[in-house]
Structure formats: C-alpha cells, structure tokens
Amino acid sequence: MTGKLTSFLRNLPASGRIGLTLVVFWLAIALAGPSLAPYSVGAFVDQDVFSGASSRFWLGSDYLGRDVLSRVLWGSRYTVFLALGAAILAVCIGTSFALLAAIRGGWTDEVISRAMDTFISIPSKIFALVLVAAFGSSLPLLLLIATLTYVPGNFRIARALAMNLVALDFVQVARARGEGPVHIALREVLPNMIHPLLADTGLRFVFVVLLLSGLSFLGLGVQPPHADLGSLVRENISGITEGALAIIVPALAIATLTVGANLLIDALKPGGKA
Amino acid sequence: MSAPEKPQSSLAKLVPLIGKRVLSSLLTLFLVSLVIFTVSGLLPGDAAQELLGQSATPEQVASLRHEMGLDRPAHVRYVDWLGGIVRGNAGMSYVANMPVGQIISNRLPNSLTLAGITAVISTVIALTIGISSAINRGGKLDSMLNITTLSLVAMPEFLIATLGVLVFSVKLLWLPSIALVTPDASWGQMLRSMALPVFSLTCVVVAQMARMTRAAVADQLDRPYVEMAKLKGVPFSRIVLFHVMPNAVGPVVNAMALSLSYLMGGAIIVETIFNFPGLASLMVNAVTSRDMPLLQSCAMIFCATYLALMLVADIVAILANPRLRA
Amino acid sequence: MLIGNNLSRRSVIGAGLAGAGILALGGCGSNEHKAAPKKGGSIRVATQAASTADTLDPAKGSLSTDYVRHFMLYNGLTCIEDESLIPRPSLAKTIESADRITWHFELQRGVRFHDGSELTSEDVVYSLLRHKDPAVASKMATIASQFAEIRADGRYGVVLRLTGANADLPTIMAQPHFLIVRAGQSSPDGTGTGPFRLAKFQAGVRTEVIRNEEYWIPGRPHLERVELIAIPDEVSRVNALLSGDIQLCNAINPRSTRRVEVDPAYAVMATPSALFTDLVMRQDQLPTGNADFVQAVKLMIDRPLIKRALFRNYATIANDQPIAPFQPYFNPDVPQTVLDLDKARWHVQRAGLSGVRLPVFASTAAEGSVDMASILQEYGSKVGLNFAVNRVPADGYWSTHWMRHPMSFGNCNPRPTADLIFSLFFDSKADWNESGWKNERFDRLLIEARGEADEARRGELYGEMQRIVHDKCGVAIPVFISLIDGYDRRLKGLRPVPLGAFMGYRFAEYVWWED
C-alpha cells in the first residue's frame, strides 16, 4: 500500500502535487480546525471591527468584532464537508440512473433523461431559493440542494460513457451469458468508467463550493452564528475597500481549495500529464 | 460552422431527429411545469398574503384570494393554467395586474442581449485559450493559461462583480456601476452599461468552456491523422482549423450550449449586483410574490431555451462532423 | 377646536406653541430656505426595494419606493414636513372639529389634477372611502375602519365622522396611503395634484416623473426631472452613488458610511427615527410566557454592543418600549434596563429554565435581526439559556414566522403618533399585538389618551403606558435605528424628517440641484 502511494506520488506532475497538498491541507483543516480555534465562533471578542492581524487575533476581526481565524477554521469544515458530501452523492445518484438508463434503454432511458432535463433546466439558485423558503435553511437541505443541482450533469456524462460501453462486445457477451442487469452494471460497465467518474466527482466538488458561495450571496447559507466560507466573504463584503483580512482570508481559502482540487483532477486524468 | 452544401442524406437524417426532440421537449416542458407547480405549492403563504404584506387582516386576505381565484383547488388552477398555455395565453400576473406576456416581453430582450453578448465574447476567448493551450500542451503558455482560467473559476461570482465595480466604476469612473437599460438608450450607452455584467459573467463561464475546448482539441491532436497531415505538409493552422476543429466541435458546442443556458437563468447574482432587469430576477420576484403564472412562464422559458440550445448543439455537432454526417 | 394654518393640536391647546397665523396661506409651504433654490436639474434616486407589485395606487403602497413615487404624484389633505412632526395643511385649507369625532375639511380652491380637472370634495370622499372597500386591499383598512361616515359638504367641503374620538386625525391624513386620487379611478394611474407628472412607469424597474409646471404651490418643485429606481443590494447601491450613477439613495448600511464620507463629493444624512427591530416573546406560549424569562432576556441584551457593532452608533439605545427619547410624550422616568448577567441568571434559575433549548427566528426582513440573534445566542450561553438561531428567508417571513413562534423578531417602521404605534402593536386586540400580551389598564389608557384634549394629561397617560410596556410586555426593543441616506453634495435642501428616509419620502418637492 505504502509502495503504491509513493509511486503514485512520484508519478504525479508538479502541479498535481501542489493540488494534492492544498486538498490535503484543507481536509485537515476541516477535520481538526474547529478544535484549534482560539475563540468560540460567535464570541464578540474585539471592540474594533475589521481590525488587522495582531497577536490576539492572528487574522484580525470581522464586521462585528469576531475572530476571523476561528470563523474561517469553522467555515472550512462546513464548506469542505458539504461540498464533498454533495459531490459524492450527486455522482452516486447520477451514475446509478445513468447505468439504469443505458442498460435498460428504451422508455426507461427516455423517462429518466427527460426527468434529468427537467432538473437541469430549472435555474439551480432559484430552485434553492424556493426550497429554503419552503423548508427553512438547514444542513441536510443545503446538501440536498447541492446534490440535486449536480445529479443531472453527472448523469449526462455517465450516460454517454455507459452508452459507449454497453455497445461494446464484452457487454454483449455478458448479456448473451444471461447475466442480470445488476451484474452487467456493476461488474462490466462501472469498472470501465471509474476514472472519468472520479475526475467528475472532483469537478462537482469545485462546482458545489462555488454554488454554496453563490447561495450565501442570496442569504441561503449555513445558520448563524456559523458560516461557510462563501458566507464569510459575503457578510464582510463592506470591508472590501479597506482590504480587510476578514474578506481576503475566506476568499483565499475558496480559491486555494478550488484551484487545488482542479489541479489534482487534471493530474489524475489520463492525458492530463501530457 | 455553417455548411452550405450538405448532402441530402444528412438533412434527411436531421428531420426525424428534430421531430423526436421536439416531441420529447414537450414532455420535458410538461414535467417542468408540474415540478414548479408542486414545489411552489410547498411555499408558505400565497399571492394574496404576500401582496397585502405584513399588514394583512384575515378578511382582506380572504377577499383578495377570492378575487384572484386562489380559493380554487390546486389542480383546478393548474389545469386552468395548462389550458391557457396550450392556447398560447400565459395568463395574467397575480401581482402586477398585467398579462404575463407583456411583463416578460419587457425583460426577455434584456436577458437575451446580455446572454448573447457574453456568449460571443466568451466563445471567442474560450476558443482562443483552449486551442492555444492545446497546441502548446505541457508548455509554458499552457500552464499559464491553465492557472488563469483556474483562478477565474476560483472566485465567487459576486466577488468578481464587486471587484469589477470597485475598480472600473468607483475608482476609475469609466463604466456605470449599475445596468441602466432603458428602451430608448443608444447602442453606445447600452454597451457601456452592459460592460461590467458581461465582464463578470464571462469570467464565470469562460473557464469551463476553455477547458473543454482544450481537452477536445488535445484529444484530436494526438490522433494519427494529424501526424499524417503534417507529413503531407499541410500547414499546421490549416490542420487545426479544418481537420481538428470539425472533429472536436461536438463536446465544445455542448459545453457552450450549457454555459449559454446558464447565462439565461443563472445570472441571478449578476442581475442583483448590477440591478439588471433580466429574467432571473423576474423569476425570483415571482417566487417571493407567489405569482404563479409569472413563475411558470419564466420556468417554461428557461427550460425551452435549454432544450433548444441542446438541440442546436447536437445538430451543429452532426453537421460539422463528417463521420456523424455520413 | 379649529385648526387653521397650523394643524397642531398643541398649537391650540398648549399656549406656548400657538404660533398659528405666522404661516403663509400656501399650505405646506412654511420652511423656505435662505439660499434661493435653483430651478432645473435632473436626478436619479435609488431606494432599497422594488417589485412587480409596485403600484401607482396610494392605498396599496408598501415599500419606500411606492411612498416616494406617490408623494411626487399626489397630495394629501395634510402633510408633515419637518422634525416637529406637526401636520400642516395641504389640500385641506382648514380642518375643524369640536369633539374630535366629526371633522370638517375645507379644501383649497383652484387645485388642478394633472389632466386639468379641478379638485373637489367628490375626489376626497372617493379617495377616503376606497380604503373601506376590501377589493381595493388598502394597507390602511384597519385605520379606515374608524371612519364611520364620509360625505361631501358642498363643492369644497368634506365631513368625516369617526367611530370614536381621535385627536390625531390630521396626522393620519398625512400618511402616504391617504393621498388624494381622482374620483372614479378604481386603479389610479398617477393622475394626481402632486408636484410631478408621471412620464414613465415600469413596475419593479423604474419610475420617471417631470415637473408639474402648473403645481398649485407656487415656486415648487425645483427639479425638472426625477428618475426613481431600486437597487436592492446595499453594496451596489453605495457603489452606484460613489460612481455618480445615482444622486440620492436610502438605507445605507452604517458600515458603509465611512466609504461615503471619505469622498468630499458625497455625504450621508442620518435621520434619528423610531424604527426598531424587536425581539418578540409570545406570552401565550411557554417558556416565553414566563415573566422571569422575559425579564432575563431583557437583562441579557447588550444594548451598547448592538448600538456600536451592528449600527456603528447610528442608533439610540432603547428601553423595551416604542417611544424614542426624541419623540413627543417620551417618559424619561422609566429606568433604563442595562446588561446584568447575574440578575438574568437569577431569573432564569427562578423560572427553572436553565439549559432549555429554544429556537429564535430571525430574517433579513427584520433589519439587523440575524446579528442580534447571534448576540443573544452568545449571551444566552452565559446565563444558561441555549438559543438556536434560525435564520429564515425574508421571503414569506411576515406571513409564516413573525409572531408564529415563541421567539421571533419583528420590525416596526416609525409611526407619526404615539397613538398609532400603541394601537397597532400593543393594544391587546390589535392584529399585530406581537407578543400576544393582555393588559387591561394599558388598553383603557390607550382609548382615554386618544380622545384626550388636555395635552399635559395626555402626556401623563402615554408616560404610564410606556412604563407598563417596559415592565410587562413580552417585547424587547434594544435600540432605535437611525435611517441613513446618502447623497451627492450638489443636491441641496435635504433635511431629516423622522418619519422615514428621504425627508419622510417627500424630498422631491423640496430639494434642488446646484452644479
């Protein structure tokens, strides 16, 4: 296992290594960050607002005089885990439907495809607005919205991949052998599309991070006093002309997280190294 | 990408494709209307309540509800609306006291112009970036362009827009900070007030398109026929434009169509920041005022746009690609 | 009781203020400025909200954009134009009432609507009666239910009989909803008697008006053209001001004032107002109905922190009752509640509520409530209360969340009289009795004060009502929020009127432009 890991690292191009480092860094922050936070996330600790870096507040204070470092540490947990969860869920659901559509074909394919078109053509942020107005904002709902938004995209890609595979000889042979559709889907088709799917998961992860920041602009983020990274940028936007750390730090966090994930995906893609 | 002299066979192939697509589009449109109706039924309150606002008394709400016909059961209202739309009548807005068609015709040109200009600009940029980095795969230019596109996607849309305003409107006073789209504005004025919204949206969509283009072109460049053409002495620019591009056009056009449809309905943040009177903010407005006929019509437009763009993308891919054509 | 040129009750009753007769007969035309205003100029103004529900019908107005638009196009029987909040005559030349039940209005002669027709009593009767018609869906239907009878008395006279005595009627008639429209227009189209004529109107997008050359008050307005738009996003609004795209806007976030003020070409105008965002604790539900709980919450509100951090000191510390220190009838003898966590903890323990978990509903619909809720949560954890902030969208907040949970936030715009604010929000039978409290003594005092002719006595009654609300009501009011407008310094003649932003929404009639 370790040998495999080192050889994997050795084969990774420089950009991939940078990406991997960034992703691992943010995963670690998301896991351990909150316990490292010097202050509680909602504590009003600074008399001043938008203050700069100091020994008491390493990354300054936000628009209400709260500690930016603590809030970013917490915020990255929400952003990373929500995005990761939604990306994985979206890919699992999208791919399952894609396999079903590709293997069954005919009416099943038509109905699933049209249903996916339905969801993809409703603007996702407006859809989110409606759902939050109807059910109130909560973590499960945010996860659901982000998942639903990216299921159809993954479905399109996965269906195209699966369609190509289903037409190939070895699947026809398996069919002739009398294998059931579940066997064909999981044993014959899925293993041959796992690489592009992994890359797609990474891409969806990046999209969800950005979607979440878009939702936070519309006031649909995590419940206060907590905030995801996008909400942190949004709530401190009035400090932008002063160049407040409260806005720069979460913006940088989003940037490094998404760029890191992108670099890693590119490096993993076959041909990405070329 | 137009193909003036297409052989009969490709056209003959296209007609049933278009026919089938139009039929399945109708199914999708129906599904969308059903989803919108159901989901919006979950919303708390109704148009009467939202219109009367904080100060509503129960009697007022009841009388207004009756006047609007909101006291009828949901399925009756839905069938009523569906009947209207089939006959080409989108109904009256609950809130604005105007036909929905009229409200939308005020806004639709704005959204189309914004999406259109953005599409043209971002397509040009994306193709340029995508092709040049594909040609220089692994080179300095490639990684530089890669980093540029990556950092563009890495910034939240609202931050890009806000920074754009701070620099170009507040600091330099070059461009208006809000889109003042009036029907009687000159073209110059309109372009000026659209500059920043177009800039922000371009940043959002260009990266994805450029990366798709690069991938598709790079994939083709690795094929043997390119090597063959090179050996035959065909100029490289000619190879890229006339041999590689037609083959790579499928995924590229697909990515563009997706981005375009995003530009119509997904521009809500840019519309908010620049106060742009487009369709996305109209739809949000319809949600908050529970204006069902308006909401439904907006959803129909977005869905139809998406489906039409997808169809066009497929047709272009077929027409451009000799192998699919044959 | 005859009110002539000066409509103030106090001017008749309180001898010291009886400066009637100084005012010119021109109606709403008392305060002319020293520097002669220049004619001409065209400005663009942005408010913070617009929607497809934007209307030309004064009765339906609900957003600041509507009020500004309506005051440009129409006139009221009276108007309020300075910080004294004393109603002045406008379309009504005189208003008389002997018993404060039956009121007689004498209209200005020769006032013309934009279409050339003359204003008569018929128009006034029509405009006022509309509010009682449920189909009109007037925002003032509750107030209009006090109108027992409205009839014309000749071509220029109108008689309005109320169901009970109300000394504040002249003030009520100055409300934007009671502006006068043309008789017979079931949905008014902007044809009013106001200082501007409608040029273009597109709901949710823009309103454009041009000067009414035949305005019945000579010398007004000064501006040639006003364009009214809405920019809901605060950052965009400030940016638009600073980049010269608009010349006036309202609802500037206190955090943005520094940005505006560093530029010498722009300035902010802070209007101290009685606007407040309040924490509602339902008295008919538990645990919020517990008197100790209410007391504990009032004691754990860090008012100076809210004033400083949330509003950058553009606020006045409040004392859990709705009358602000700068308003008439304010009672300075009610002791100010201050942060006292020990006492709060004691109350929590006495109520047996330590460790209880309670959701607090907040929304951007109620200004500042989300941050207030965060502050409450932080301090709650120090006294053993576990508040969970539940931020819900502004969309649908008033109909689904406000007053529907044990704890939610409300938001109350400045009202011109003590009677209005008390009867709309604190009367136990009021629709918006936010906390659902019942206090018989308060209700009795309210009726008594409404019809009381003696000013000193009225002051005493309102003073006691403030004390009762402060001690017993399930509503916590941390601060009164100042309204902040931003403007281009070339715009002259702006002054604060504590009823609302934009000089009580009426700037267009008074301001002028100097290049």
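**View 1. The run of elements in chain B.** From the N terminus on, the elements of chain B read α-α-α-α-α-α-α-α-α-α-α-α-α-α in this predicted model. That makes 14 helices and 0 strands. Along the principal axes, the C-alpha atoms of chain B fill a box of roughly 85 × 55 × 35 Å. Of the 326 residues in chain B, 47% are buried. Among contacts in chain B with a separation of 6 or more, 70% join residues 24 or more positions apart.

**View 2. The largest nonpolar core.** Here we look into a core of 337 residues, where Val208(A), Met283(B) and Cys298(B) have the most contacts inside it. Helix α3 (residues 68–104) of chain A gives the most to this core, contributing 19 residues. Stay a moment with Cys298(B): beyond its neighbours within four places in sequence, Cys298(B) is in contact with Leu279(B), Leu282(B), Met283(B) and Ala286(B).

**View 3. Where chain A touches chain B.** The contact draws 33 residues from chain A and 38 residues from chain B. On the chain A side, the elements giving two or more residues are α4 (106–121), α5 (124–135), α9 (194–217), α10 (229–235) and α11 (245–268). The largest share of that side, 7 residues, belongs to α4(A). By residue type, the side of chain A that touches chain B splits into 19 nonpolar, 9 polar and 5 charged.

**View 4. An annotated span of chain A.** For residues 76–265 of chain A, an unreviewed UniProt entry lists "domain: ABC transmembrane type-1". This span is 82% helix and 0% strand, and its end C-alpha atoms lie 20 Å apart.

Notes: Residues are numbered from 1 along each chain as its sequence is written. Chains are lettered from A and ligands numbered from 1 in the order in which they are written. This is a predicted model: local features need pLDDT of at least 70, side-chain atom pairs count only at pLDDT 80 or more; totals for chains, interfaces and linings use all residues. A nonpolar core is a set of buried Ala, Val, Leu, Ile, Met, Phe, Trp, Tyr and Cys residues joined through C-beta atoms within 7 Å. A residue is buried if 20 or more other C-beta atoms lie within 10 Å of its own, exposed if 12 or fewer, and partly exposed in between; C-beta atoms are placed from the backbone. Helices (H or I, at least four residues) and strands (E, at least two) are DSSP runs, numbered from the N terminus. Two residues are in contact if their C-beta atoms, placed from the backbone, lie within 7 Å. UniProt positions are given in the numbering used here, feature names are shortened, and annotations may be inferred rather than shown by experiment. Ala, Val, Leu, Ile, Met, Phe, Trp, Tyr, Cys and Pro count as nonpolar, Asp, Glu, Lys and Arg as charged, and the others, Gly among them, as polar.
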